[in-house]
Amino acid sequence: MPPNVMRVCYGTHDTGRSALMKQQSQGDTVVNFIETFLTLGGSFLGQPFIPLQWMKDVIWDIYKTDENGKRLHRTYLLGVPRKNAKSTVGAALAVYHLIV
């Protein structure tokens with residue numbers, strides 16, 4: 001994750017990154033959708049949106065599920081410093097939920 005990132009999860013306890021990798025997640029589906037169908041705009045017009053590793057980690061954490069397939073987080077607040085593509089990630093998630 002980039003420096004100065006604040007992550008707050010409501011609706012569950014945050015077990016940390018080591019346990020994060022062991023839990024199930026629908027995040028892989030979301031990341032695959034983003035990489036396959038979304039492109040960037042502005043000065044990067046037409047280039048595919050390939051999320052950075054910290055973005056993938058956050059998406060994976062947002063969509064992690066329990067053994068019954070229910071999402072663990074009802075609300076997810078992510079604080080990231082300026083110019084780190086917060087709006088781009090948010091827009092990508094919005095498009096995913098709009099289409100899927």
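**The packing of α2 and α4**

Analyst: In this predicted model, Thr 29, Val 30, Phe 33 and Ile 34 of α2 are in contact with Ala 92, Leu 93, Val 95, Tyr 96 and Ile 99 of α4. Two packed helices are described by the angle between their axes and by the distance between those axes. Here, helix α2 comprises residues 27-37 and helix α4 residues 86-99; the angle between them is about 100°, and their axes lie 10 Å apart. Because angles of 65 to 115 degrees count as roughly perpendicular, α2 is described as roughly perpendicular to α4.

The wider chain gives this pair its setting. The chain contains 4 helices and 4 strands, arranged along the sequence as β-α-β-α-α-β-β-α. Among its contacts between residues at least 6 apart in sequence, 72% join residues at least 24 apart. Of the 100 residues in the chain, 33% count as buried.

Another helix, α3 (residues 53-62), is mostly covered, with 8 of its 10 residues buried.

Asp 66 has no salt bridge, and the nearest side chain of opposite charge, that of Lys 70, is 5.9 Å away. A polar atom of the Asp 66 side chain does, however, lie 2.9 Å from the backbone nitrogen of Asn 68.

How values were computed:
Residues are numbered from 1 along each chain as its sequence is written. This is a predicted model: local features need pLDDT of at least 70, side-chain atom pairs count only at pLDDT 80 or more; totals for chains, interfaces and linings use all residues. Side-chain values use heavy atoms; hydrogens and water are left out. Buried means under 20% relative accessible area, exposed over 50%, partly exposed in between (1.4 Å probe, protein chains only). Lys and Arg count as positive and Asp and Glu as negative; His and the chain ends are not counted. A salt bridge is a side-chain nitrogen of Lys or Arg within 4 Å of a carboxyl oxygen of Asp or Glu. A polar contact is a pair of N or O atoms within 3.5 Å; within protein, one must be able to donate a hydrogen and the other to accept it, and residues adjacent in sequence count only if both atoms are side-chain atoms. Axes are lines fitted to C-alpha atoms, for helices over the stretch in contact, and angles run from 0 to 180 degrees between N-to-C directions. Helices (H or I, at least four residues) and strands (E, at least two) are DSSP runs, numbered from the N terminus. Angles under 35 degrees count as roughly parallel, over 145 as roughly antiparallel, 65 to 115 as roughly perpendicular and the rest as oblique. Contact means heavy atoms within 4.5 Å.
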